[in-house]
Amino acid sequence: MKSPIPDYLRVVLENARPVESGEPASYIDVLANADTSKMAVALATVDGHLYSAGDDQVEFSIQSISKAFVYALAIQDAGLPRVLEKIGVEPSGDAFNKLSLERVTNRPMNPMINAGAIAAHSLVVGPDATAEQRVERILAKLSKLAGRQLHVDEAVYEAEFRDANRNMGIGYMLKAAGIISCDPREAVRGYVRQCAINVNVRDLAMMAATLGNAGVHPISGEEIIPHHSVRQVLSVMTTCGMYDAAGDWVSNVGIPAKSGVAGGIIGALPGQVGLAVFSPKLDARGTSVRGVIMCEQLSRDMGLHMMDVSQIGRATVRTWVKTISGGTLQPHGCDQKVAVFDLRGAVRFAGAERLTHAVARELGDPNPEDPGSGRHADACAVIFSFRDAYSLNHVAQRIIRENIRRLLTGERNVVVIDPSGVLKMNGDDAPEARQPRVVRNEAEAREYIGGAGCRVVSNSDDW
């Protein structure tokens, strides 16, 4: 069985595709000539499972999305107190390239506008570092977050630096205000190169998932960004990451986010997922039009709004296998290898995805790159136990029902242990669709699979 999540992402993509409004960034000629038909979406969980759809291998420049990660690096290299001396954390309410500083302190309003981002770039490595040294450190960190070696798109860099007059003006303003101590031309040059690093949506989703996983890379398990830096970065992304559209974004999407003028957007939901979208046509605020639409649907459909506190708790999945030998009334005529998936806790998207991944890995075809996968593909029956699941939100309901539907379509024998009725099997399934056998306890499940008088002949756990 394959996970239904990539299919869902394709639906999200196609729902946004008909929207033709917006234009690619016109002030950078390479971006102005971008293929506006390209679209992609990716989602990575804090457990390290990555899903994507569309043009997910197409590379584009990271642009202002880099600001969030460079801000984290500045905190790591200079310390948060020093960074806060130089850069504020208040929403500006202005466009990203506004030439403005706070009154009295002369600080840029926040690290997500260009003035704050240039100041943050100047704090990476140290005050005497060159642009090359800073970019080298930034590139190494972003590559580690993405899980592959990234590179600077020289064509984008050259095009952007040719028309960097406004950013150069911001650099000199910062120098005059005493915010940066290095040569402003070097700071701007390094900042422009940082924005020209190429990524794809799969890279960005994993980078965002690392933020959502408290700075620990979901696959490598390495702490790449210190926990205290992550909290600071996510806080500022929430209030400032979408510039003068931050209020609309928090209200409609509710995920800490950052956009870039190449058409990318990332979102990082603490403890759950990182997501990324890409489409080059931008609105008047410099944000991907289709990207916003995709993020709104993801948040709405999957219950990802950070202010949604309808359920509290964490779901866990336990998996084991048993072999049942039937008695004289056994309906299936052979020993039954049974795969059991036990879901516990308050289940939302992340818990349902854990179950989906476990089912797809255990019952799917073996993958040479994933030792142990497909080991129970020959199971004659599948049991889902919700005995210890005390709630399933609407997203979990839909995902789990789709998992069951696919197993039934594949001629699997499916039994659901659900004494409290937490799984609403009527849901949005067609009335004529096959339904699993729903029972109250393990004894009833065993008797249905193995027949009256059956017994467990091998058991990887107590039952």
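Start with helix α9, residues 184-195. Its buried residues are Pro184, Ala187, Val188, Arg189, Gly190, Tyr191, Val192, Arg193, Gln194 and Cys195. Buried here means under 20% relative accessible area; exposed is over 50%, and partly exposed is in between, with a 1.4 Å probe and protein chains only. That makes 10 of the 12 residues of α9, so the helix is mostly covered.

Before going on, two notes on the source. This is a predicted model: local features need pLDDT of at least 70, side-chain atom pairs count only at pLDDT 80 or more, and totals for chains, interfaces and linings use all residues. Residues are numbered from 1 along each chain as its sequence is written, and side-chain values use heavy atoms, without hydrogens and water.

What covers the buried residues of α9? The cover includes β3 (60-61), α3 (66-78), α5 (114-123), α6 (131-146), α7 (154-162) and α8 (165-176). Contact means heavy atoms within 4.5 Å. The element names follow DSSP runs numbered from the N terminus: helices are H or I with at least four residues, strands are E with at least two. As for length, α9 reaches 17 Å from its first C-alpha to its last, close to the 16 Å expected at 1.5 Å a residue. The expected span is 1.5 Å times one less than the number of residues.

Now α3, part of that cover. Its end C-alpha atoms are 18 Å apart, which agrees with the 18 Å that its 13 residues should span. Of those 13 residues, 10 are buried, so α3 is largely enclosed by the rest of the structure. Among them are Lys67, Phe69, Tyr71 and Ile75. Glycine 79 follows α3, with a positive phi near 90°.

Two other positive phi values are not at glycines. Glutamine 63 has a phi of about 50°. It sits in the loop between β3 and α3. Is glutamine 63 buried or exposed? At 2% relative accessibility, glutamine 63 counts as buried. Valine 125 has a phi of about 70°, and lies in the loop between α5 and α6. At 40% relative accessibility, valine 125 counts as partly exposed.

Next, a hairpin. Strand β1, residues 40-45, pairs with β2 in the antiparallel sense over five bridges. Two strands pair if DSSP finds at least two bridges between them. Alanine 44 stands opposite leucine 50 in β2. Four residues lie between the strands, and glycine 48 in the turn has a positive phi of about 95°.

β2 also turns up in the largest pocket. Which residues lie nearest the centre of that pocket? They are Met1, His357, Ala360, Arg361 and Asn367, out of 15 lining residues. The elements giving two or more residues to the lining are β2 (50-54) and α14 (349-363). α14 gives the most, with three. By class, the lining has five nonpolar, six polar and four charged residues. The space comes to about 510 Å³.

Finally, the whole protein. It has 16 helices and 14 strands. Its C-alpha atoms fill a box of roughly 90 × 45 × 40 Å along the principal axes. Of its 463 residues, 57% count as buried. Among contacts between residues at least 6 apart in sequence, 69% join residues at least 24 apart.

Key:
On a 1 Å grid over the protein atoms alone, a cavity is a set of points where a 1.4 Å probe fits but cannot get out, and a pocket is an open set with protein on both sides within 12 Å along at least five of seven lines; lining residues have an atom within 4 Å of a point. Grid points are joined across faces, edges and corners, and a volume is the space filled by probe spheres set on the points. Ala, Val, Leu, Ile, Met, Phe, Trp, Tyr, Cys and Pro count as nonpolar, Asp, Glu, Lys and Arg as charged, and the others, Gly among them, as polar.
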